[in-house]
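Morning, everyone. Please bring the model up on your screens, and we'll walk through it together.

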Amino acid sequence: MAITGVPRVPEGVRVRSRLSARFDGPQALVVARAPAGYGKTVAMAHWASTTEATGVWIRFRENQVGAAALVQLIGAELDAAGLLEPGSTLRSASDALAGGADPWQLLRHGLRARGGAGTGTITLALDGLERLADESSVGLLDALLDLPGLQIRATARRSSLSDETALALKLDRAVIEPAELALTAAEAAAALDAEPGSPAVARVLQSGGLPLYARLMAANGQGGSEPSDDDIAALLDSFVRVELTGGAWDEQFMGFVTATSIADSLDLRLAAEIATVARLRPTGRSTPLTTEEVAALLDRAESDGLGLWTGSAASPSGRHEFVYTPVVREAFERRLRAARPAHLTALVRAVATWELDRQRPYAALRRAVAIGDWQLVNRVVREHWNEILRNHGPQLRVLFHRTSLVELRRQPLVTMLLALEYNRSGDHRLRALEYFALAGYAARTQRQRSSPPDRALLRAIETAALRVSGRADSALGAALDARDVLLEMSAQDRDHLGRTEPTLHNQIGTTLFYAGRFDEALESFARSTAIGASRGLKGGLQGTALSAGTLAVAGDLTEAAQVAEEAVRLDWPESWITNYQGSFLQLAEALIALERWDADEADRRIRSLDPHRPTIEHWPLLAHVDAVVGLLRGEPDRALLRLEAEITRQRRRSSAAARSLARLAETRSLLLLAAGDAEGAKKALGKAPNSSGAARHGIAAARIDLACGLPEDALRHLLRVQELADSRSRGERTTLRAAALALLGDHDRAAPVVHEAVAFLIDRGQGLALALVPTEALDAMIRIATAAGRGDDELLRRARRHAAVASLTAGPVFTAREAALARALPEARDTAELAAMLSVSPNTIKTQLRSVYRKLGVTSRSEAIAALAARGRPEPPG
């Protein structure tokens, strides 16, 4: 049992066992809280190096660490320490969080699974609790309350939520205050090698017993009152000057510490590179410092109390890094910036590159932006855009808020990253569209002089920006170019794409999908899946989900069901299946359910995506599924209201592209037809477009004709439908043609077409096309099939029980709920009594009454009762 990754306590530092005992207490939370210089980290490190507890040491390198970044860091450290089970959700925390998983749910699942395996309590030693964002502190404390098998030991420079008095009512916790961390007279005397009653000890005690103050006094004889942070900084600057001028530190050591202070942490490789960049040479030698010499200098820095070694080369994480004490590093960095300005840019670049190699992308990005190294900025974004967006979204806005639009026009990767950040918030859609447009422009201007990997990436960015902005035709050209570049790219160039290659194919395929080029889209998604599987990249899972959804939308439900079944067996990061990455898998399952006339299952599937409705670009597909669910439930009026409300919301967000609105016009027309309003259905459908939508328009128009008892007109519309690109359109066209012939009563011509339609629908796994045939035509199909004796009538009879579109030739046609309302209307005195009789709300009654009045051609309750008396009380359909 051990805490892994603990900094090494230098031999010269005096250990205070009384503090170690405080960390070993029974409380779930123990926090050592005090300003810099009180020895918090040393005290906790000594405890962690001797305790029997099991856990990991985590040091925060960034300020305002968000929930996703925190949970990802915890998962990575636990995994590196070998403390997670093979199937733990925390082992794939990065991918799960990239897909929108809730960080705290992910942490709970991972730690509960571990607890269930009987592996005992996990302890997190968190160094620098003040660096957490408020929402991270709240989430972490909530997790601590929920997880008996979790303990936290922490240091903090300032007060936080962990200090709130009310927390003690819910949680056993202890706070080690500055007074307890302060040196006692005996400890100060030992640190100064003086008598307890000496003036030097008295000065240390007057300073508040600050351990750092005592160490500096021991080094240079300084004293005074209790120092502030500025006083400590000034004292440290003085300490550096005294050590240098007094000869305690030679020029080589001083130069080395000054140069390496640019890094928050460093290993031997980075330290040697910094020494080379800063042109540090041993006295009398022209060659750079060796690794052994660099290690000796860092060991000396530790022995002089300037910092600590963390981890070891033999640790599970393989990370052996030196970390300067923060206030000491700041003092030396001030000296570096004043003494070596010419070397500063190169030093920052070296540190940023090292941080990137160590999988610390935001730290690298921040440094690259600080020195204006756009080549390095773009490399960081290219390789880690998803993680940066997930963990540091709000910080991105601050990081680039001073970057001019002129510069952003030259940096499409950065501009797209900002566009995605603003778009996902849901509150900055117009700002996001501005950045999408700017990213598209930047990509176009940059691509001609870009390398193949960058050109593929830029064109993929461009197609995404244009597609999300509603410019589908332009997006298609960019997608085709990006696809060609990717296919022609050498293996070496492909390696430069890193983890983004499956994502590029996904973006290209999505544009092809929305252009109606389903087969080509499926090819792109298949490439994404294959690359992901061969290289262990999770982006390929989204390719699989996109394949399932595309097949389902295209009407190839047999293949869609197979892909969906395979997809759910894959190792998905937590929450991906119900988040954006798995949205097309949920769409596929919903469409498969609709083909079986299972509205409840389709609704359950599509509801899982509700949290993403405000920002997801696939909202028209989800809205269409909602509409069909309403049809199968016999609620076309309610479904129509929901559809119109959704379109209005998306228009306000500027998310309603012309192509999407045209497709939803067909959905709206279908709802109106099912509600008994043929004229409204025709008006909603509008004129036939001169585009790929012409076939869909002709099919919808033919369905209206059939509902109105005009099979000849339906056949004329269907004859004009040519070049059907997908199985769904072919299935609907064949089915409506069979229905029209059956309604004409021409058995000889109708029988083979009915058989052809049923055979095709069974082969493709479709059933919805039959439920959308107007009832009189569907009944005619059943008669034809029964007379033919081929068994086709079985599927037709099952579809008839779910028929959603009634024929309109025999007066008004009511839905089941409307028929119940019409039968109850003469017996109720008012709306409230009707609502009570039918067990629905008064608002629902009002909505249904308006629909009934419209279908009867009346405007009042009394007129409706009279009209119903003349016609006879209606029976529910089918």
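Let's start with a pair of side chains. Glu 666 and Arg 696 meet in a salt bridge, at 3.5 Å from N to O. Keep in mind that this is a predicted model. Where do Glu 666 and Arg 696 lie? Glu 666 is in helix H33, residues 658-674. Arg 696 is in helix H35, residues 694-707. The pair therefore ties together parts that are 30 residues apart in sequence. Are Glu 666 and Arg 696 buried or exposed? Both are buried.

A general point here. Side chains of opposite charge can pair when their charged atoms come close.

Next pair. Arg 800 and Asp 779 form a salt bridge through their side chains, at 2.7 Å from N to O. Arg 800 sits in helix H41, residues 793-800, and Asp 779 in helix H40, residues 775-788. They are 21 residues apart in sequence, so this pair also ties two parts together. Asp 779 has 27% relative accessibility, so it counts as partly exposed.

Now a third one. The side chains of Glu 635 and Arg 817 meet in a salt bridge, at 2.9 Å from N to O. This pair links distant parts of the chain, 182 residues apart. Glu 635 is in the loop between helix H31 (619-632) and helix H32 (636-652). Arg 817 is in helix H42, residues 816-824. Arg 817, at 37%, counts as partly exposed.

How many salt bridges are there? The count comes to 61. Some are linked in a network. That network holds Asp 600, Asp 603, Arg 607, Asp 610, Arg 613, Asp 626 and Arg 633.

On to the sheet. Six strands make an open sheet with parallel pairing. What is the strand order? Read across, it goes E1-E3-E4-E5-E2-E6. The edges are strand E1 (3-4) and strand E6 (173-176), and each pairs on one side only.

Look at one pairing inside the sheet. Strand E2, residues 29-33, runs parallel to strand E5, residues 150-156, and five bridges join them. Take Val 30: its bridge partner in E5 is Arg 153.

Helices pack here too. Helix H2, residues 40-50, packs on the sheet and touches E1, E2, strand E3 (55-59), strand E4 (122-127) and E5. The direction of H2 makes about 150° with that of E5. Helix H3, residues 67-80, lies across E3 and E4 and runs at about 135° to E3.

H3 has another neighbor. The axes of H3 and helix H18, residues 374-399, come within 6 Å and cross at roughly 120°. H3 and H18 are therefore oblique to each other. Which residues make the contact? From H3, they are Ala 68, Ala 69 and Gln 72. From H18, they are Glu 387, Arg 390 and Asn 391. By type, the contact residues divide into two nonpolar, two polar and two charged.

One last stop, Gly 5. Gly 5 is in the loop between E1 and helix H1 (17-23). Its relative accessible area is 32%, so Gly 5 is partly exposed. Gly 5 and Ala 48 are 43 residues apart in sequence. In space, they are 9.4 Å apart, C-alpha to C-alpha.

Note on methods
Residues numbered from 1 in each chain as written. Predicted model: local features only at pLDDT ≥ 70, side-chain atom pairs only at ≥ 80, totals over all residues. Heavy atoms only, no water. Pairing = 2+ DSSP bridges. Helix = DSSP H or I, 4+ residues; strand = E, 2+ residues; numbered from the N terminus. Contact = heavy atoms within 4.5 Å. Axes fitted to C-alpha atoms, helices over the stretch in contact; angles between N-to-C directions. Parallel < 35°, antiparallel > 145°, perpendicular 65-115°, else oblique. Nonpolar A, V, L, I, M, F, W, Y, C, P; charged D, E, K, R; others polar. Salt bridge = Lys/Arg side-chain N within 4 Å of Asp/Glu carboxyl O. Buried < 20%, exposed > 50% of the residue type's maximum accessible area, 1.4 Å probe, protein only.
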